[in-house]
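I want to see how the ligands are held here. I will go through the metal first, then the other molecule.

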Amino acid sequence: MSLILGIESSCDETAAALVTSDRRILAHRLAGQEAEHRPFGGVVPEIAARAHVEILPRLVEEALEEAQVRLNEVDAIAATAGPGLIGGVMVGLLTAKGLALASGKPLIALNHLEGHALSPMLSAPDLDFPYLLLLVSGGHCQLLLVEGVGRYRRLATTIDDAAGEAFDKTAKLLGLGYPGGPAVEAAAEAGDPRAVPLPRPLVGSDEPHFSFAGLKSAVLRARESGRYADPDIAASFQQAVVDCLVDRTARALDRAGSATALVVAGGVAANGAIRGALTALAESRGLPFIAPPLWLCTDNAAMIAWAGALRFEAGLVDGLDAPARARWPLDPDAETARGAGVKA
Ligand code: KG4
Ligand code: ZN
């Protein structure tokens with residue numbers, strides 16, 4: 001049994017956690033920065049990095065206290081080393097390096113996407129490799145076949161915006177504020193999902209990827225036409241996203257014939273319509289559908305500590321010269337997707 005301290009700071013959540021290799025979460029401390037970024041309608045990297053500097057040391061102390069563990073009792077220190085906003089990544093990684101140096105414990109410089117990919121195992125102990133993961137958040141929109149620790153096949157990614165980004169931009173357009181996903185979902189409740197004709201980019205295409213930029217522009221045109229009520233626009237937009245996610249995920253399941261389960265993670269997984277449609281898709285394929293509790297789906301440090309524990313047990317530790325990376329594909333063999341705004 002090993003005990004890992006995990007640190008996350010790649011976007012706008014600062015977090016520290018202590019997790020054991022037998023899936024016990026001894027402590028998890030998380031501080032969001034929504035209030036700091038709200039006036040700007042999105043995450044401001046410079047503000048995020050400064051906030052991590054101020055908050056992280058206290059969260060680490062609180063996590064150790066909550067778990068009643070001293071630093072020299074942990075087996076390794078894991079931190080997100082990318083991909084993400086580079087200032088924030090550097091704050092977390094350097095904090096971990098300092099702690100590793102002071103305690104003489106090994107450092108594990110983790111790919112944030114690996115944290116997301118392995119996190120469902122924390123809440124679903126029966127989950128077996130390989131499983132298909134749909135990772136949908138503000139920063140990522142990917143389909144990953146998780147074959148084992150350190151073995152990930154990226155079957156699809158977005159060629160422009162992430163799904164959460166599309167929700168956030170639609171919310172901004174409709175004057176619904178930030179973060180946009182929950183606001184769009186609430187507005188959609190009162191709308192008709194068939195009222196506004198909107199495109200489903202790449203649906204039915206042989207290209208495996210996602211695309212949401214065209215949908216966003218179509219929402220803008222629908223709004224500017226003045227012909228539709230906002231709730232109808234919200235509901236029709238949400239339905240278009242659901243259709244894109246389901247079509248692309250079904251295609252990936254066809255390609256990854258061996259998947260034992262369909263798993264969803266990322267903040268967009270909070271959306272009821274999306275969960276419902278994915279549940280139906282998994283059922284139609286005779287697969288279990290696994291959606292971890294929301295706090296584990298969104299950015300957190302428990303997933304970093306857990307992925308760190310699995311890597312530590314596999315003997316995969318890093319030197320203190322491990323770099324911070326703004327971009328870091330989880331599957332280096334994945335074909336590059338077309339488009340300029342390709343996310344990690
Ligand atoms: O995983 P997350 O907390 O952070 C990262 O982006 O890594 O995801 C946040 C994203 C935001 O874009 C937010 O608008 C979206 O998840 N989101 C939702 C919902 N709740 C959060 N999107 C659609 N429906 C929701 N209910
Ligand atoms: Zn994330």
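At 1% relative accessibility, His 112 counts as buried (under 20% relative accessible area; exposed is over 50%, partly exposed in between; 1.4 Å probe, protein chains only). I note that this is a predicted model: local features need pLDDT of at least 70, side-chain atom pairs count only at pLDDT 80 or more, and totals for chains, interfaces and linings use all residues. Residues are numbered from 1 along each chain as its sequence is written, chains are lettered from A and ligands numbered from 1 in the order written, and side-chain values use heavy atoms, without hydrogens and water.

**Zinc ion**

Which residues coordinate the zinc ion (ligand 2)? I found His 112 (NE2), His 116 (NE2) and Asp 299 (OD), at 2.1 to 2.2 Å. Donors are N, O and S atoms within 2.8 Å of the metal (3.2 Å for Na, K and Ca); water is not among the atoms, so sites may look incomplete. The spacing along the chain is H-x3-H-x182-D. His 112 lies in helix 4 (residues 112-118) and Asp 299 in the loop between helix 11 (294-297) and helix 12 (302-313), so the pair ties together parts 187 residues apart in sequence. Helices here are DSSP runs (H or I, at least four residues), numbered from the N terminus. Asp 299 is buried too, at 16%.

**Ligand 1**

I looked up polar contacts next (pairs of N or O atoms within 3.5 Å). An oxygen atom of ligand 1 is 2.6 Å from a side-chain N or O atom of Asp 168. A backbone N or O atom of Gly 181 lies 2.9 Å from an oxygen atom of ligand 1.

How values were computed. Helices (H or I, at least four residues) and strands (E, at least two) are DSSP runs, numbered from the N terminus. A polar contact is a pair of N or O atoms within 3.5 Å; within protein, one must be able to donate a hydrogen and the other to accept it, and residues adjacent in sequence count only if both atoms are side-chain atoms.
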